[in-house]
Amino acid sequence: WKPLTLLYLITVIRSGLQMTTNNFLPFMLEDGGYVLTEIGNVMTVFLLLGGIGGIAGGFTAERFSGRGVTLYSGLLAGPLMIGAFAFTGPLSIICLGLGGFMLLSTIPVIVAMAQELVPGQTSTVSALMMGAAWGVGALAPQALSNFVRASGFRNVLIAASAVTMVTSVLAYFLPREELI
């Protein structure tokens with residue numbers, strides 16, 4: 001249960017940042033003078049590169065290890081996402097795309113790792129990782145809404161991005177043997 005709990009927590013934290021970004025970034029961009037189509041383009045960069053990251057993460061995990069993908073992407077996702085919200089202009093968008101790539105690269109990896117941990121109950125474990133963990137992560141914007149009032153969208157997104165680096169610490173404690 002320990003590795004499954006670690007995978008669950010990693011998924012909750014990462015999906016929390018994804019949902020917080022999806023919800024708060026458009027308002028931050030609007031406050032910065034972006035028009036609707038520009039906001040849509042920036043969000044497309046984040047989500048499209050995140051989707052490509054999921055494919056790349058699965059491909060990489062099959063060749064190396066799911067633990068490694070989870071650990072290293074966590075080390076990179078946090079600083080890249082912080083850069084996305086701390087910088088402005090093209091550098092911000094580049095960091096956002098790369099941060100989304102790293103942040104979402106573990107979606108298929110974690111599901112596969114969890115299924116390997118409990119091979120007789122792959123559907124249940126998949127529901128836990130994809131449904132329950134993402135559902136709990138989706139509560140992050142509401143949980144952070146009072147902080148937005150006090151600190152603003154940018155500061156809350158930077159803080160949430162910093163929290164995602166905890167996922168690397170959690171990934172470090174995953175079993176070292178090949179799970180995928």
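Guide: Happy to. The buried residues of α8 are covered by elements that include α1 (2–31), α3 (66–86) and α7, with contact meaning heavy atoms within 4.5 Å. Helices are DSSP runs (H or I, at least four residues) numbered from the N terminus. This is a predicted model, where local features need pLDDT of at least 70, side-chain atom pairs count only at pLDDT 80 or more, and totals for chains, interfaces and linings use all residues. Residues are numbered from 1 along each chain as its sequence is written, and side-chain values use heavy atoms, leaving out hydrogens and water.

Visitor: Which residues of α8 are buried?

Guide: Buried means under 20% relative accessible area, exposed over 50%, and partly exposed in between (1.4 Å probe, protein chains only). In α8, Val156, Leu157, Ala160 and Ser161 are buried. They lie on the same side of α8 because their arc around the axis is only 135 degrees, taken from the directions from the helix axis to the C-beta atoms.

Visitor: And how do I read a ring pair?

Guide: A pair of aromatic rings is described by the distance of the centres and the angle of the planes. Rings of Phe, Tyr and Trp (its six-membered ring) pair if their centres lie within 6.5 Å; planes under 30 degrees apart count as stacked, over 60 as edge-to-face and the rest as tilted. By this rule there are three aromatic pairs. Phe27 and Phe153 are stacked, because their centres are 5.5 Å apart and their planes at 15 degrees. This pair joins helix α1 to helix α8, 126 residues apart in the chain.

How values were computed:
Helices (H or I, at least four residues) and strands (E, at least two) are DSSP runs, numbered from the N terminus.
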